[in-house]
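Please look over the sequence and the structure before reading on.

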Amino acid sequence: MIGTEKRFALALAVLIFCGASVFSASREGQAALAQGCDAFKSGDWYSAMISLRKAAAYPENDTGETRYMLIAAEMYTGAYAEALADCDYYLRVFQGGPYESYVQYQKGRAFFYLGDYEKAVLLLSDFCHQYADHEMYASALFWIAESFYVGYNYDEALPLYERIVREFSSDAKAQAAEHRIEAIAQRTREEKLLYLLKKTGEAYLAAKEDYEKQLHMYDAVSVTSSGSEKRAADLQKKNEALAAENKRLQAELTDLQNKLASQKAEANERVLRLKAKAREAEALMKEEAQ
């Protein structure tokens, strides 16, 4: 959410606007805008969204600043479809305004939360190309990487996460990028283990089938060819070797299964720790917003 990204350079200007513009609107518009600004300042995003929508209905209040605050409040509350519509409105009506780059960034994030990851990647990539020195550049890279990550396209996501950690280590998204890198590494290890399990299981079944076939041949030789002791002895040795191989493969299969279970337990524990950190961060952000 936007609460994790408090580095908007124009946030202070928005709040100053709240204090200055209420004097020029109608009485009803003044009241709605004042309520929206107060709720926005206090972090009451739902109330801010309702009041700012009402305020924007008055022509004298329908400014780029009002729309920008409304978009921010909608993103906070998870009203992503509404935020997307207001982003389009801003970019159409207030093209070239001081908040245009931020609105474009929020539009990309709205697409992400609505599950349209392809559009999120395209829009945020355009943002990065247009605003290479923007303070939200690292965050835009992060949401592009997230769009690839949720689609299991780890080969595309990993270099972006690594770039964030390498080039933007002080950014708020660097820690989240590190967690994603660990998660991808964990998934890669699990996939390798699953592949080994599959191959080991196939080898075990093939060896078992060969063993049973040779055992049947040995029994047939013992019954019908009493004069073929040498061949029977060779078959018996081969059977013993196959039995030993079966035993080894079974032990390897069991060991791999135990390793996979252990890694899954570690991954679950890591997820729980990350969720706890996220809750702590959210609580801290709420305290800061107050």
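## Surroundings of Asp86

Asp86 touches Arg67, Leu70, Ile71 and Glu74, when residues up to four places away in sequence are not counted; contact here means heavy atoms within 4.5 Å. Asp86 has its place in helix 5, residues 80-93. Its relative accessibility is 10%, so Asp86 counts as buried. Buried means under 20% relative accessible area, exposed means over 50%, and partly exposed lies in between (1.4 Å probe, protein chains only).

The structure is a predicted model, in which local features need pLDDT of at least 70 and side-chain atom pairs count only at pLDDT 80 or more, while totals for chains, interfaces and linings use all residues. Residues are numbered from 1 along each chain as its sequence is written, and side-chain values use heavy atoms, with hydrogens and water left out.

## Overall organisation

The protein has 11 helices and 0 strands. Helices (H or I, at least four residues) and strands (E, at least two) are DSSP runs, numbered from the N terminus. From the N terminus on, the order of elements is α-α-α-α-α-α-α-α-α-α-α. Of the 290 residues in the protein, 38% are buried. Among contacts with a separation of 6 or more, 61% join residues 24 or more positions apart.

Axes are lines fitted to C-alpha atoms, for helices over the stretch in contact, and angles run from 0 to 180 degrees between N-to-C directions.

| Helix pair | Angle | Axes apart |
|---|---|---|
| Helix 8 (residues 137-150) and helix 9 (residues 154-167) | about 155 degrees | 8 Å |
| Helix 6 (residues 100-113) and helix 8 | about 20 degrees | 11 Å |

Angles under 35 degrees count as roughly parallel, over 145 as roughly antiparallel, 65 to 115 as roughly perpendicular and the rest as oblique. Helix 8 and helix 9 are therefore roughly antiparallel to each other. Their crossing is left-handed, a term used if the near helix is turned anticlockwise from the far one by less than a right angle, with clockwise giving right-handed. On the helix 8 side, the residues that meet helix 9 include Tyr137, Leu141, Phe142 and Phe148, and their partners in helix 9 include Tyr154, Leu160, Tyr161 and Ile164. By class, this contact of helix 8 with helix 9 has 13 nonpolar, no polar and 3 charged residues. Ala, Val, Leu, Ile, Met, Phe, Trp, Tyr, Cys and Pro count as nonpolar, Asp, Glu, Lys and Arg as charged, and the others, Gly among them, as polar.

Helix 6 and helix 8, by their angle, are therefore roughly parallel to each other. Helix 6 passes helix 8 in a left-handed crossing. Tyr105, Arg109, Phe112 and Tyr113 of helix 6 make this contact with Ser139, Ala140, Trp143, Glu146, Ser147 and Val150 of helix 8. The contact of helix 6 with helix 8 has 6 nonpolar, 2 polar and 2 charged residues.

## Arg187 and the cysteines

Arg187 is found in helix 10, residues 173-224. At 34% relative accessibility, Arg187 counts as partly exposed. Neighbours within four places in sequence aside, Arg187 is in contact with Tyr149, Tyr152 and Tyr154. The C-alpha atoms of Arg187 and Tyr154 are separated by 9.6 Å, and the two residues are 33 residues apart along the chain.

How many disulfides does a search of the whole structure find? The search finds 0 disulfides, a disulfide being a pair of cysteine sulfur atoms within 2.5 Å. Cys87 counts as buried at 0% relative accessibility, and Cys128 counts as buried at 7%.
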